Amino acid sequence: MKSILRILFYKVCIFFDYFLTDNKARILMYHSFELPNAFFNVSLEDLEWQLDYLKKNEYIFLTQSQMVRKIINKESLHKVVVITCDDGHRDYLTTALVEFEKRDISSTLFWPKRVDSNEIKTSDGVICKLLVEDEIVLLSKNPLVEIGSHAMTHRELINLSVNELVYELARTSENSFAYPRGKFSKREIDFVRKAGYSSAVTTINGFVDQQSDLFSLPRISIDSKTDKLAFKAKLSTFFGMYAKVRR
């Protein structure tokens, strides 16, 4: 029953998009692309279709920092989309970036800088290979890539002492931040701002407009359950309105 209602809701979102428009940006949240057994994975086939759909519908691809500048300058956010990839999975380099470059698409990669190993295991036993520092240095030279921080060791910030929090938020050249596992409170927002970042993204569902708090920006999750119908719906103005009401 839930799946039927979800499909009906997505169809309603798409239908009303013929009549509705908005001046809001969409920040898409991706994770991995080569882990078929992980719920947060998006297959290469799905990624290709999604990117082609965005291009066909004339979305404007920006990095997070570029979008923030538009907000600060009070410029239009109509059709702006920001592709973000969390956790520093190595398949960002080997799979996703290849497709981004084919289509001249910008993206923002959030990388935990001091993880103990270049491999981590998810709660359901899936092994994830992570990017290493040399690869991040290489990526930072790519004009289509913005490197953002995902904290030092990807620990949940809300559970940390002040000293631990200061360490986790230490920055070098990064302007953008993503809260590990989406966990944050007013304390963490204040510390991210004081650390010198210009913005931070969450896992809260929704679109970005001129009134959005730059340090608690909502995103749209794209994962293994996001089929073509769901992807179209999640970009729709009606979906953004629904997400705002839910918040």
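**Figure 1. Phe33 in the loop between strand S1 and helix H2.** In this predicted model, Phe33 sits in the loop that runs from strand S1 (26-30) to helix H2 (44-56). Although the residue belongs to a loop, Phe33 counts as buried, because its relative accessibility is 4% and the cut-off for buried is under 20%. Setting aside neighbours within four places in sequence, you will find Phe33 in contact with Asn41, Val42, Ser43, Leu44 and Leu47, and also with Cys85, Asp91, Tyr92, Thr95 and Ala96. Have a look at Asp223 as well: 190 residues separate Asp223 from Phe33 along the chain, yet their C-alpha atoms are 9.5 Å apart.

**Figure 2. Phe100 and the largest nonpolar core.** This core contains 35 residues. Phe100 is among the residues with the most contacts inside the core, together with Leu28, Tyr30, Tyr92 and Leu139. Beyond residues up to four places away in sequence, Phe100 touches Leu47, Leu51, Ile83, Cys85, Tyr92, Ile105, Ser107 and Leu144. Another core lies apart from this one; its 27 residues include Ile27, Leu62, Leu77 and Leu160. As a general background, nonpolar side chains in soluble globular proteins tend to be buried together.

**Figure 3. Val80 in strand S3.** Here we move to a strand residue, Val80 of S3. Val80 has a relative accessibility of 1%, so this residue counts as buried. Its contacts, leaving out neighbours within four places in sequence, are Lys24, Ala25, Arg26, Ile60, Leu62, Met67 and Lys70. One of these partners, Leu62, is 18 residues from Val80 along the chain, and the two C-alpha atoms are separated by 7.0 Å. Leu62 is also a member of the core of 27 residues.

Figure 4. Lys79 is not a glycine, but its phi is positive, at about 70°. You can find Lys79 in the loop between helix H3 (64-72) and strand S3 (80-85). With a relative accessible area of 25%, Lys79 is partly exposed. Asp87 is another residue other than glycine with a positive phi, in this case near 85°. The place of Asp87 is the loop between S3 and helix H4 (91-102). Its relative accessible area is 13%, so Asp87 is buried.

**Figure 5. The whole chain, as a setting for the close-ups.** The protein chain has 9 helices and 10 strands. Its radius of gyration is 17 Å, close to the 18 Å that the globule rule gives for 247 residues, so the chain is as compact as a globular protein of that length. Of the 247 residues, 51% are buried. Among contacts between residues at least 6 apart in sequence, 67% join residues at least 24 apart. The accessible surface comes to about 12,400 Å², and carbon and sulfur atoms account for 54% of that surface. As for charge, there are 35 positive and 32 negative charges, and their mean positions are 6 Å apart.

Methods: Residues numbered from 1 in each chain as written. Predicted model: local features only at pLDDT ≥ 70, side-chain atom pairs only at ≥ 80, totals over all residues. Heavy atoms only, no water. Helix = DSSP H or I, 4+ residues; strand = E, 2+ residues; numbered from the N terminus. Rg over C-alpha atoms; globule rule 2.2 N^0.38 Å. Buried < 20%, exposed > 50% of the residue type's maximum accessible area, 1.4 Å probe, protein only. Contact = heavy atoms within 4.5 Å. Areas by Shrake-Rupley, 256 points an atom, 1.4 Å probe, with all protein chains shown as cover. Lys, Arg positive; Asp, Glu negative; His and termini not counted. Charge placed at Lys NZ, Arg CZ, Asp CG, Glu CD. Core = buried A, V, L, I, M, F, W, Y, C linked by side-chain atoms within 4.5 Å.
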